Amino acid sequence: MKRQITRDWADCFPEFSEWRPLRLLRRVGPVVQGVTLDLSTRGDQYYPTTHVHSLVRDFPVVSLELGQRLHGSSGVQEAIQLKQHAEHFRSAAVRLEEQSRLPLRRMPEIREIVEALRDFARAAQRHRQPMAALELQDSVLIPAASGDRAEVAESLRLAEDLSAGWSKYESPPGWESTSAWLDWLADSAQDSAALNALVDQQVTKLGLAGLPVRP
């Protein structure tokens, strides 16, 4: 049944590849964009979810960064019962596309992905949610890998501005200080070759070589 559900959703979004059961993916340069049909704990329903995954950092799995689950008119997350899949998946796919931060029919531009990461970080700061250090980091390193220095500079400015509002107890995970993280981020953004080598390593490690790719 998982294979049939995956195939049905792939028919709705033919620009994506059936990577694994319930996982549709495609590559946009140093980023993976996905539609995941996230099974509930009980396994009797699934949550259609859009997301991205950055290939400019070493990570063991394809993550659900910028994850957006399908939601109803009231804003509540919406699940599809497995036994009702055939009746509901087409309309759910239309609504998921409407709700997605990023386009699902056409390939998004790198700048669109970067701006979505920035928007997420701004919203986290505005609503006093946990700091979005990883999203800020990716908003810098993704355009760095693509060679877009203007986008790198804008993202670095945003990282500096937002991190100025973090307390001394809110250093990015794994860093002793925010200033050390910012210095590392600026230095890393200068080495596009190293970033692209990491992208190639991650593509191999995660088994992504067969995905549709936009340069």
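Start by selecting E115: at 26% relative accessibility it counts as partly exposed (buried is under 20% relative accessible area, exposed over 50%, partly exposed in between, with a 1.4 Å probe and protein chains only). You are looking at a predicted model, where local features need pLDDT of at least 70 and side-chain atom pairs count only at pLDDT 80 or more, while totals for chains, interfaces and linings use all residues. Residues are numbered from 1 along each chain as its sequence is written, and side-chain values use heavy atoms, leaving out hydrogens and water.

Next, pick R118 and E154, another salt bridge, with the closest N and O atoms 3.4 Å apart. R118 lies in helix α3 (residues 110–126) and E154 in helix α5 (residues 149–163), so this pair ties together parts that are 36 residues apart in sequence.

The structure holds 12 salt bridges, and your next stop is the one between D58 and K205, with N and O as close as 2.9 Å. D58 sits in the loop between β4 (45–54) and β5, K205 in helix α7, so the pair ties together parts that are 147 residues apart in sequence. D58 counts as exposed at 52% relative accessibility, and K205 is partly exposed at 48%.

Stay with α7 and select residues 192–205. These 14 residues reach 20 Å from first C-alpha to last, close to the 20 Å expected at 1.5 Å a residue (the expected span is 1.5 Å times one less than the number of residues). Which residues of α7 are buried? Colour L195, L198, V199, Q202 and V203. Look down the axis of α7: the buried residues fall within an arc of 140 degrees, so they line one face of the helix (the arc is that of the directions from the helix axis to the C-beta atoms). The face turned away from them carries the exposed A193, D200, Q201 and T204. Covering the buried residues, you'll find β2, α4 (133–146) and α6 (178–188) among others (contact means heavy atoms within 4.5 Å). Just after α7, G207 takes a positive phi of about 70 degrees.

Follow β2 (residues 23–28) to R26. R26 is buried yet has no salt bridge, and the nearest side chain of opposite charge, E15, is 4.7 Å away (Lys and Arg count as positive, Asp and Glu as negative; His and the chain ends aren't counted). What does the side chain of R26 make a polar contact with? The side chain of Q33, at 2.8 Å. The R26 side chain also reaches the backbone oxygen of P103 at 3.2 Å. (A polar contact is a pair of N or O atoms within 3.5 Å; within protein, one must be able to donate a hydrogen and the other to accept it, and residues adjacent in sequence count only if both atoms are side-chain atoms.)

Last, step back to L22, in the loop between β1 (17–20) and β2. L22 has a positive phi of about 70 degrees although it is not a glycine, and at 8% relative accessibility it counts as buried.

Definitions and conventions. Helices (H or I, at least four residues) and strands (E, at least two) are DSSP runs, numbered from the N terminus. A salt bridge is a side-chain nitrogen of Lys or Arg within 4 Å of a carboxyl oxygen of Asp or Glu.
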